[in-house]
Amino acid sequence: MAETAELITEFLRGRRIAVAGVSRGAASAANPVFRKLRSSGYEVFPVNPNAAEVEGARCFPDLASVPGELDGVVIATHPDASLDVVRQAVARGVPRVWFHRSFGGGSVSEAAVRECQSRGLPCIVGGCPVMFCEPVDLGHRCMRWWLGRRGRIGA
């Protein structure tokens, strides 16, 4: 298995990324990820089966409905939905998955991680692209350091 740093580099090398779990409300962890990737020049596709539009962008109900190829998906849903998103990624041929997690459990589901592993689908477990996508703000730089020291970002 590749090292976490390699997986992060590969993930961020992709240019078309879906973010599952975006919300019309401000409380979702997915929305800052969506905004950061979009402002950093990525082509980003918000995914939420209950929203037609999020932050001025067309929202897709699932990964199958996103047009064109995808280079990765950030899963920032409730952990109960993570396995379904992984299965969608496998069916769609999405080559990389990143499970969002900061201080709590985040979107990480043991079943979803096992599904990635059994399918040979590279996944990053913990942290989020905002901690690595330049320029990284001081708060996310500190979170990256702290979570890395605690073993909360891994493959």
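How far is the sulfur of cysteine 128 from the closest cysteine sulfur, and in which residue does that sulfur lie? I began my notes on this predicted model with that question, and I found a distance of 9.8 Å, with cysteine 133 as the partner, which is too far for a bond.

**Entry on the cysteines.** I reminded myself that a disulfide is a covalent bond between the sulfur atoms of two cysteines. The cut-off I needed is 2.5 Å between the sulfur atoms, and a search of the whole structure gave me 0 disulfides. Starting from cysteine 133 instead, I came back to cysteine 128 as the residue with the closest cysteine sulfur, again at 9.8 Å. I also looked up whether they are covered: cysteine 128 is buried, with a relative accessible area of 5%, and cysteine 133 is buried as well, with a value of 5%.

**Entry on the fold.** I noted 5 helices and 7 strands in the chain, and, reading from the N terminus, I wrote down their order as α-β-α-β-β-β-β-α-β-α-β-α. I then turned to contacts between residues at least 6 apart in sequence, and found that 66% of them join residues at least 24 apart.

**Entry on size and surface.** For 155 residues a compact globule would have a radius of gyration near 15 Å, and the chain, with 14 Å, agrees with this. I recorded that the C-alpha trace spans about 40 × 35 × 25 Å along its principal axes, and that 48% of the 155 residues count as buried. The accessible surface comes to about 7600 Å², of which 51% belongs to carbon and sulfur atoms.

**Entry on charge.** Last, I looked up 19 positive and 15 negative side chains, and the centres of the two sets lie 4 Å apart.

Conventions: Residues numbered from 1 in each chain as written. Predicted model: local features only at pLDDT ≥ 70, side-chain atom pairs only at ≥ 80, totals over all residues. Heavy atoms only, no water. Buried < 20%, exposed > 50% of the residue type's maximum accessible area, 1.4 Å probe, protein only. Helix = DSSP H or I, 4+ residues; strand = E, 2+ residues; numbered from the N terminus. Rg over C-alpha atoms; globule rule 2.2 N^0.38 Å. Contact = heavy atoms within 4.5 Å. Areas by Shrake-Rupley, 256 points an atom, 1.4 Å probe, with all protein chains shown as cover. Lys, Arg positive; Asp, Glu negative; His and termini not counted. Charge placed at Lys NZ, Arg CZ, Asp CG, Glu CD.
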